[in-house]
Amino acid sequence: MSDFDPGRRRFLGHLGLAGMGALGASSFLSACASSASGPTTSNGSGAVTIQSNLSSPQAKAAMEKLIETFNAQGKGTASLNTIASETFRTQLPTYLTSANPPDLYTWYAGSVANDYASKNLLLDVSEVWKSLDDYPQSLRTLSTDASGKQIFVPMNNYWWGFFYRKSNFAKWGVQEPKTWTEFLALCETLKSKGIPPIGIGLGDTPWVASAWFDYLNIRINGAPFHRELLAGKQRFDDPKVKAVFTRWREALPYFDPKGKAYPFQEATTALLAGKTGMFLIGTFFADAAPKDALGDLDFFRFPIIDPAVPLAEEAPTDGFFASAKTANPTGTKALLSYLSGVEAQEAYVKASSGIVLPANPKARASDSPLVVKGKAMLNEAKELTQFFNRDSSDALQPTADTALTKFIDKPDQIDAILREWQAGAEKVFKG
């Protein structure tokens with residue numbers, strides 16, 4: 001699975017920035033290849049150019065409104081170029097390495113931004129972060145490169161969790177678990193009632209299994225180890241990784257046996273219909289739920305396994321980074337300061353669709369109980385991870401799809417599976 005799975009793209013195509021899904025902002029493909037509201041270059045005193053992949057109608061309109069408001073404030077001038085996301089993704093390295101690149105880019109935090117920073121292609125925006133004291137440390141860490149400087153400014157994010165229908169939990173007489181032991185007990189109770197406890201959608205969307213690997217790894221081994229593993233600095237055949245699958249194997253008897261045959265969209269339908277008990281998925285799934293079901297949805301965080309491991313949550317984060325070669329660093333930072341502020345992020349939330357969590361903790365999101373609870377969960381986290389391919393690469397994702405689906409089918413072959421995964425990963429890291 002890559003960022004550009006067609007079925008997933010159709011499902012997410014109408015969402016706003018924070019509804020981009022697990023595997024990146026590039027879900028936003030549109031028929032329009034590009035749309036410009038200004039020049040594509042800038043000079044030291046000219047307009048700051050934003051290269052944006054937010055090409056869905058609502059997201060594009062929201063960005064245009066933000067730029068219009070910024071320009072009216074008299075603190076600088078900006079112009080917006082909107083590019084279809086797949087074109088944007090393939091051209092991003094070219095943009096950044098060109099002689100006269102655009103100044104600012106919509107994209108997402110994680111390994112991609114850090115990789116560009118390691119090649120000295122991104123502007124140091126630590127000065128912008130001096131005024132972002134209210135932002136949680138988790139977002140500051142996520143926006144900081146290996147040298148200790150900030151190279152990213154977040155706009156918003158969303159979360160993953162175990163979603164369920166409140167009416168069904170009430171009918172079944174069960175409650176949210178907090179620990180792994182409580183979670184397995186919940187699963188046993190649901191199974192005894194004839195309800196497949198855990199939904200999973202692997203048909204055509206095998207990347208859904210990566211959320212299980214991500215969460216088990218950050219709960220058992222911690223977020224730093226997880227990032228190192230996905231960066232090729234640890235091995236997939238390490239005993240620490242095998243420990244992840246030992247725990248996962250405890251939950252396998254509770255997975256919906258039909259879930260391997262259909263994609264996550266159908267797994268969502270099964271959950272809403274009460275045919276499964278809960279589903280580990282990102283908030284983007286709720287955008288397709290019937291309106292009368294939204295108020296009945298709730299979630300709980302992935303259960304704690306080792307209380308000594310600092311709490312981390314899976315929260316794909318979208319925002320901006322800038323070219324190190326911008327001819328107008330002062331204007332670029334001024335625009336970033338505006339985009340990181342309450343006014344801009346609330347305006348984007350108001351214009352966007354989907355479940356939106358602004359990065360600025362003072363910016364108001366939706367006041368729905370679901371959003372309030374999600375924001376509180378992320379604010380409690382010591383660290384935020386992004387999702388397998390965002391913390392690694394699109395090229396590594398297929399190795400995870402192969403290994404994880406094989407494990408679900410043949411858990412007794414885990415040693416061979418991890419050896420094969422390590423071999424596949426080495427081919428990716430060696431190029």
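Domain bounds here come from an automatic or database domain assignment. With those bounds, the largest pocket draws at least three lining residues from each of domain 1 (11–157 + 318–363) and domain 2 (160–314 + 389–430). This is a predicted model, where local features need pLDDT of at least 70, side-chain atom pairs count only at pLDDT 80 or more, and totals for chains, interfaces and linings use all residues. Residues are numbered from 1 along each chain as its sequence is written, and side-chain values use heavy atoms, with hydrogens and water left out.

**The largest pocket**

- On a 1 Å grid over the protein atoms alone, a pocket is an open set of points with protein on both sides within 12 Å along at least five of seven lines, while a cavity is a set where a 1.4 Å probe fits but cannot get out; lining residues have an atom within 4 Å of a point.
- The largest pocket holds about 1,100 Å³ of space (a volume is the space filled by probe spheres set on the points, which are joined across faces, edges and corners).
- Of its 36 lining residues, Gly-110, Ser-111, Val-112, Asn-114 and Asp-115 are the closest to the centre.
- Helix α4 gives the most to this lining, with 7 residues (helices are DSSP runs of H or I, at least four residues, and strands are runs of E, at least two, numbered from the N terminus).
- By class, the lining has 14 nonpolar, 11 polar and 11 charged residues (Ala, Val, Leu, Ile, Met, Phe, Trp, Tyr, Cys and Pro count as nonpolar, Asp, Glu, Lys and Arg as charged, and the others, Gly among them, as polar).

**Where α16 turns up**

- The second largest pocket has a volume of about 230 Å³, and α16 gives the most to its lining, with 4 residues.
- There's also 1 cavity of 30 Å³ or more, and the largest cavity has about 100 Å³ of space.
- Again α16 has the largest share of the cavity lining, 3 residues.

**A helix pair**

- Helices α18 (residues 397–409) and α19 (residues 414–429) pack at about 175 degrees, with axes 9 Å apart (axes are lines fitted to C-alpha atoms, for helices over the stretch in contact, and angles run from 0 to 180 degrees between N-to-C directions).
- That makes α18 roughly antiparallel to α19 (angles over 145 degrees).
- Among the residues that meet are Leu-404 and Phe-407 in α18 and Trp-421 and Val-428 in α19 (contact means heavy atoms within 4.5 Å).

Methods. Angles under 35 degrees count as roughly parallel, over 145 as roughly antiparallel, 65 to 115 as roughly perpendicular and the rest as oblique.
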